[in-house]
Amino acid sequence: FEYLNVRNAMMHENQDDDVYQYRDYINRLSSMFEKLEPRHYTKAMEWVEDLKLPEDVVLTIAQEKLQQLTDGSRRKYPTAYLMKVFDTTALDFANRGIRTVEDAKRELMRGRPSFKLAVKVLNHFGLRRSPTLPEIELADKWLMDWQFDEKQVLAAIKLTTNSTNPSFAYLD
């Protein structure tokens with residue numbers, strides 16, 4: 001399914017790639033689902049054209065939300081439900097001016113256990129700020145890859161007291 005400008009399509013028999021500027025965006029979005037209906041494509045175009053969100057930010061929303069909703073569960077959500085979740089997030093990001101992939105990822109990770117752990121580590125270090133993406137990724141590695149729980153990581157922080165400048169890298 002793709003949207004074409006009828007006038008351009010009729011005038012240009014050899015349809016160049018510039019006739020349909022959202023081809024890659026729509027293809028990448030549709031590859032995340034088994035089937036998208038025309039109303040889903042319309043909604044996806046609204047996020048880019050009406051809300052003025054960059055395509056990469058919308059794709060990041062879709063990827064992260066899909067991963068959050070399906071992570072560790074076999075439950076299959078209907079496409080309509082997923083599109084509603086994406087729409088709510090896209091509206092929120094547009095209203096708050098989140099326009100970069102890095103800012104979008106940071107916001108989307110707020111609900112994850114790795115974000116909460118990274119905040120606790122920062123608090124222990126006496127830093128009152130939001131964690132950066134690399135810090136969240138390290139916390140994710142400790143929880144997911146190494147299978148530590150939060151108590152084990154917080155216990156390891158006590159070993160960093162010998163360092164003059166404790167950091168995530170040192171803790172790692």
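This is a predicted model: local features need pLDDT of at least 70, side-chain atom pairs count only at pLDDT 80 or more; totals for chains, interfaces and linings use all residues.
**Entry 1: Thr89**

I started with Thr89, which is buried, at a relative accessible area of 9%. I found Thr89 in helix 5, the stretch covering residues 79-96. Which residues does Thr89 contact, once I leave aside its neighbours within four places in sequence? I got Ile61, Lys65 and Leu108.

**Entry 2: helix 4**

Two of those names sent me to helix 4, so I went through its list of buried residues, which includes Ile61 and Lys65. Also among them are Val57, Val58, Leu59 and Thr60. Further along, I noted Ala62, Glu64, Leu66 and Leu69 as buried too. What covers these buried residues? My list includes helix 2 (23-30), helix 3 (38-49), helix 5 and helix 6 (101-108).

Helix 4 takes in residues 55-70, 16 residues in total. From first C-alpha to last it reaches 22 Å, close to the 22 Å expected at 1.5 Å a residue. A reminder to myself: an α-helix has 3.6 residues a turn, so residues three or four places apart point the same way.

**Entry 3: Lys120**

Next I moved to Lys120, in helix 7 (residues 113-124). Is Lys120 buried, partly exposed or exposed? With a relative accessible area of 38%, Lys120 is partly exposed. Leaving aside neighbours within four places in sequence, I see Lys120 in contact with Glu150 and Leu154. For Leu154 I looked up the C-alpha separation from Lys120, which is 8.1 Å, although the two are 34 residues apart along the chain.

**Entry 4: aromatic rings**

I counted ring pairs and came to seven aromatic pairs. One of them is Tyr22 with Tyr25, an edge-to-face pair with 6.4 Å centre to centre and 70° between the planes. Both of these tyrosines, Tyr22 and Tyr25, are buried. I also noted a cluster, where ring pairs link Phe33, Trp47 and Phe86.

**Entry 5: the whole chain**

Last, I stepped back. The protein chain has 10 helices and zero strands. Of its 172 residues, 38% are buried. Among contacts with a separation of 6 or more, 61% come from residues 24 or more positions apart. I put the accessible surface down as about 10800 Å², with 49% of it belonging to carbon and sulfur atoms.

Note on methods
Residues are numbered from 1 along each chain as its sequence is written. Side-chain values use heavy atoms; hydrogens and water are left out. Helices (H or I, at least four residues) and strands (E, at least two) are DSSP runs, numbered from the N terminus. Buried means under 20% relative accessible area, exposed over 50%, partly exposed in between (1.4 Å probe, protein chains only). Contact means heavy atoms within 4.5 Å. Rings of Phe, Tyr and Trp (its six-membered ring) pair if their centres lie within 6.5 Å; planes under 30 degrees apart count as stacked, over 60 as edge-to-face and the rest as tilted. The expected span of a helix is 1.5 Å times one less than its number of residues. Accessible areas come from the Shrake-Rupley method with a 1.4 Å probe; for residues, only the protein chains shown count as cover.
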